[in-house]
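Colleague: I'm new to this one. Please walk me through it.

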Amino acid sequence: MTAKILDGNALSATLRQSLHERAAALAAQGCRPGLAVILVGENPASQVYVRNKIKACEAVGVHSEKYEFPADTPPEKVLSRIAALNADPKIHGILVQLPLPPQFDENAVLEAVSPEKDVDGFHAENVGLLAQGNPRFISCTPYGVMEMLRAEGVSLRGKEAVVVGRSNIVGKPMALLLIGASATVTVCHSQTRDLAFHTRRADVLICAIGKPKMITGDMIKPGAVVIDVGINRLQTGPDAGKLCGDVDFASAREVASLITPVPGGVGPMTITMLLANTIESADRAAGK
Ligand code: NDP
């Protein structure tokens, strides 16, 4: 079997078209959606992510504001900017690009964002609402994965879903969403004994590990749906410098029924769901 490729760029383009229309309708009501992005330090990957998010906002008609701080900024300065943005009616979403420099307590910064503007879904209140099955904002990467599965008509009810990775950003919210969709969910991590035993049972396998090509075709159940969240830059070999996922695409594609590529899979969906959350937030503000 050669798997069908789930094209995140194509699905994103379709979704962004309808987001553009929603943003225009809100702007016509005097409530143009607005996103503020906070970037502290000079991490090159973070700078690329922030640039891409701002560009995506412009393309769908979401107002964006970027606040850049040098790496040695005292945390109070960033916290006071967040407080001002919490009170700013033009802003419906606030995103703090992670990681933050070491003098910051990341949790304290994330908790400082108003839960009603927390479009990344990282605030404890929003994590709690998701755990209760009543989400306000779903973190963008797992939300994007669910949208890809929905768009492809993948039914999750009663399926064995295995998530490799238990981070707060991807693995844990992913598991909660799959439970909400009535899958039977297993979460694996670095201490899991016999990872392949679990991955081979998966009807739906979600990999969010950060280890290039770690999941190979022999670890995948024939016909499984494979979602590769990983974004890794190869350090050595003929493809050095190129991006790859956590899944060995070439061998996995011969076994799976559906598979996401890297790049062009989950990555573009993450930014699309950030736009969706910001527009949803503006919608709620307009309805108040
Ligand atoms: P983290 O480093 O926070 O988490 C990685 C998880 O993988 C941890 O739970 C870790 O286990 C687990 N893990 C590590 N090694 C193994 C192993 N050998 N076997 C099983 N599990 C293992 O990463 P993130 O969740 O933030 O990101 C994961 C990947 O997804 C990265 O490549 C990242 O770049 C990418 N990413 C992509 C996004 C996108 O838009 N497509 C968005 C966010 C992330 P333990 O908890 O025990 O340490």
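Modeller: Start with the second largest pocket. Helices α4 (106-112), α5 (124-131) and α7 (171-180) each supply at least two residues of its lining. Helices here are DSSP runs of H or I with at least four residues, strands are E runs of at least two, and numbering goes from the N terminus. This is a predicted model, where local features need pLDDT of at least 70 and side-chain atom pairs count only at pLDDT 80 or more, while totals for chains, interfaces and linings use all residues. Residues are numbered from 1 along each chain as its sequence is written, and side-chain values use heavy atoms, with hydrogens and water left out.

Colleague: What counts as a pocket, and what as a cavity?

Modeller: Both come from a 1 Å grid over the protein atoms alone. A cavity is a set of points where a 1.4 Å probe fits but cannot get out. A pocket is an open set with protein on both sides within 12 Å along at least five of seven lines. Lining residues have an atom within 4 Å of a point. Points are joined across faces, edges and corners, and a volume is the space filled by probe spheres set on them.

Colleague: What volume does the second largest pocket have?

Modeller: About 340 Å³. Of its 20 lining residues, Leu110, Phe122, Val127, Asn168 and Ile169 are the closest to its centre. The lining divides into 11 nonpolar, six polar and three charged residues. Nonpolar covers Ala, Val, Leu, Ile, Met, Phe, Trp, Tyr, Cys and Pro; charged covers Asp, Glu, Lys and Arg; the others, Gly among them, are polar.

Colleague: Which domains does that lining draw on?

Modeller: Domain 1 (30-116) and domain 2 (140-266), with at least three residues from each. Those bounds come from an automatic or database domain assignment. The C-alpha centres of the two domains lie 29 Å apart.

Colleague: And the largest pocket, what volume does that have?

Modeller: About 1400 Å³. It is lined by 47 residues, and Tyr49, Gln97, Thr141, Ile231 and Thr270 lie nearest its centre. Elements giving two or more residues to this lining are α1 (8-28), α2 (44-60), β4, α6 (140-151), β9 (232-233) and α10.

Colleague: Which element gives the most to it?

Modeller: α2, with eight residues. The lining of the largest pocket holds 25 nonpolar, 15 polar and seven charged residues. Domain 1 and domain 2 each give at least three residues to it.

Colleague: Switching to the ligand. How many residues surround it?

Modeller: 20, and the closest are Arg166, Ser167, Ser190, Ile231 and Thr270. A residue is near if one of its heavy atoms lies within 4 Å. By class, the shell has eight nonpolar, 10 polar and two charged residues. Helix α10 (residues 266-287) gives the most to the shell, with three residues.

Colleague: Last topic, the backbone. Is the peptide bond from leucine 98 to proline 99 cis or trans?

Modeller: It is cis, with omega near 0°. Proline 99 is in the loop between β4 and α4. A cis peptide bond also joins valine 262 and proline 263. Proline 263 is in the loop between β11 (258-259) and α10.

Colleague: What about phi of serine 182?

Modeller: Phi there is near 70°, a positive value in a residue other than glycine. Serine 182 lies in the loop between α7 and β6 (184-188).
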